[in-house]
Amino acid sequence: MIDLSFIYQALGRLIPCPCMEARFMQQALLGLLLLAPMAATMGVHVVNHRMAFFSDAVSHTAFTGVAIGLILGLNPDWTMVVFALVFGLGIMVVQRRSSLSVDTVIGVFFSAGIAFGLAVVSRDRSAAVEAQTFLYGDILTLDDPELTMLLLLFVFLFVFMWFGYNRLLYIGLHPALAQTHRVRVRLYQYVYAALLALVVIFSVRTVGMLLVTAMLVVPAAAARNFARSAGRMFWWANLIGVSSAVAGLLISAQNWANTATGATVILVACLWFVVSALVAWRRTRRQ
Amino acid sequence: MSHEPAVEFDQLTVRLEGMTVLDRVTAMVPRHGCTAIVGPNGAGKTTLLLALLGQIPFTGQVRFSGGRPGRAVRMGYVPQRLSFDRGMPITVIEFLVMGLQNLPLWMGLSKNCRRRAQHHLQSVHGEDLANRHLGALSGGEMQRILLALALQQEPELLVLDEAAAGVDFQGEQLFCELLESLRQERRFTQLMVSHDLAMVMAHASHVICLKGRVTGEGCPHQVMNSDVLASTFGPHMGVVDRRSLMSVAEEKKCECARNHNR
């Protein structure tokens, strides 16, 4: 296991705020600094590929993964991740092979996943308590193994994005055109679906399943209003995602606020969106 | 135009959801020529292109010839339309560069890729569109940008799916002339789906008439007679005289020449 304490200390010094002296706050900040750029970057493609429903479906199956863990006597944190991965790839396999629309395929998977989770929860009361944790999320309980996993995911995702960002944009605009022009559409679609499922399931721990889609979509949607090119949209989405995450964490820790961190992060991102909409409106009026 | 085939469809059959869309289609596309696929709605024109592009399953064979040994034929594709979020902030130059450049767009555009993209823009008379937003382009401009994107592949076979649909008469004419000059200059084989029979008479060197199966194939001036038109489009088209189509085609050419002179 990687020793992350030097990063925690650095983060504690970086933000000289009394609330950042606690280790769990430093861990939460690290978690958000890893998750927010991943969510923002994936969000650009979620908007381009019109896959918001996909992320919603994956997030809602979090407690199904937990339920499977409880049934099989395995660590629910891991079964949740594995189930999300299988679920996300399953949607992509069926979507590619079926003539059904994307929404319909996701809807069927979504319903089956939720129904299974609810069936298990209705039998086992302890699972019901666990499910509630996933509804609202709790970034303050992230531990070292989870942060190490996030760090590895972060590295893999940005290495993939370095080589695949342009290809994914191409596929989002017209998959057949991209394939004819020698882009390996199938490979990129599967890797993207797997990474999106992983980012979503880790985000569930942060903001809860009800707000995961917002974490992906809101920074990208605000970036779309600010940016004038696809390159700048990436930077805007990351700026908005990271600043919302840091501000949301700090605000939620103040005594006068005392709010859920995940919800506060999303509220700050929504504020960004309002500003971006005003900027876009003003720009349109000038034109 | 060579008489050697660039593409051969051999007994190609496509069944989609239990329905036979294409039934044992056997036809060829001559190398370096301009081949048009014509037929009524639902005749399977786009399906034939999708089978050629490997986008749908089929039985039978599609044979390519003329590519360099040991390497697949390079294809460029101009789709009928690009359905995307028109508010997405992507510029024309980024759209062209994203297929050329490995470096992600957020790290900027490399000089070499930018130069290549601008060269292809120039070849479709679109150099002034480089910094425009993709979503702000008119139908005719978008069509030229999609053509530039296809040309970047340095295609041996250029496939166009009703690329001129939704463009006005003059825009369509200019697009066809641009294609013709590019084809002569770069020596690619052109295969296009079209609804405009006069345009086919004016520009195509080979035609495949389709109505689920091949109803006629060959030189447009010989193939597009009353019988073939009737069996392809129905009895009402059988009364259209080939000469009237040719005269419309001639008129189109003259109109375009006048516009150029202006």
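Reader: How many salt bridges does the rule find across the interface of chain B and chain A?

Author: The rule finds one salt bridge across the interface of chain B and chain A, a salt bridge being a side-chain nitrogen of Lys or Arg within 4 Å of a carboxyl oxygen of Asp or Glu. The model is predicted, so local features need pLDDT of at least 70 and side-chain atom pairs count only at pLDDT 80 or more, while totals for chains, interfaces and linings use all residues. Residues are numbered from 1 along each chain as its sequence is written, chains are lettered from A and ligands numbered from 1 in the order in which they are written, and side-chain values use heavy atoms, with hydrogens and water left out.

The partners in the salt bridge are B:Asp85 and A:Arg224, whose closest N and O atoms lie 2.8 Å apart. On the side of chain B that touches chain A, the elements giving two or more residues are β5 (75-78), α2 (92-97) and α4 (139-151); helices (H or I, at least four residues) and strands (E, at least two) are DSSP runs, numbered from the N terminus.

In total, chain B brings 35 residues to the contact and chain A brings 29 residues, where contact means heavy atoms within 4.5 Å. About 3000 Å² is buried between the two chains, and carbon and sulfur atoms give 61% of that area; buried area is the accessible area (1.4 Å probe) that two parts lose on being put together, summed over both. Within chain B, the residues that lose the most area to chain A are B:Pro89, B:Met98 and B:Trp106, together 26% of what that side buries.
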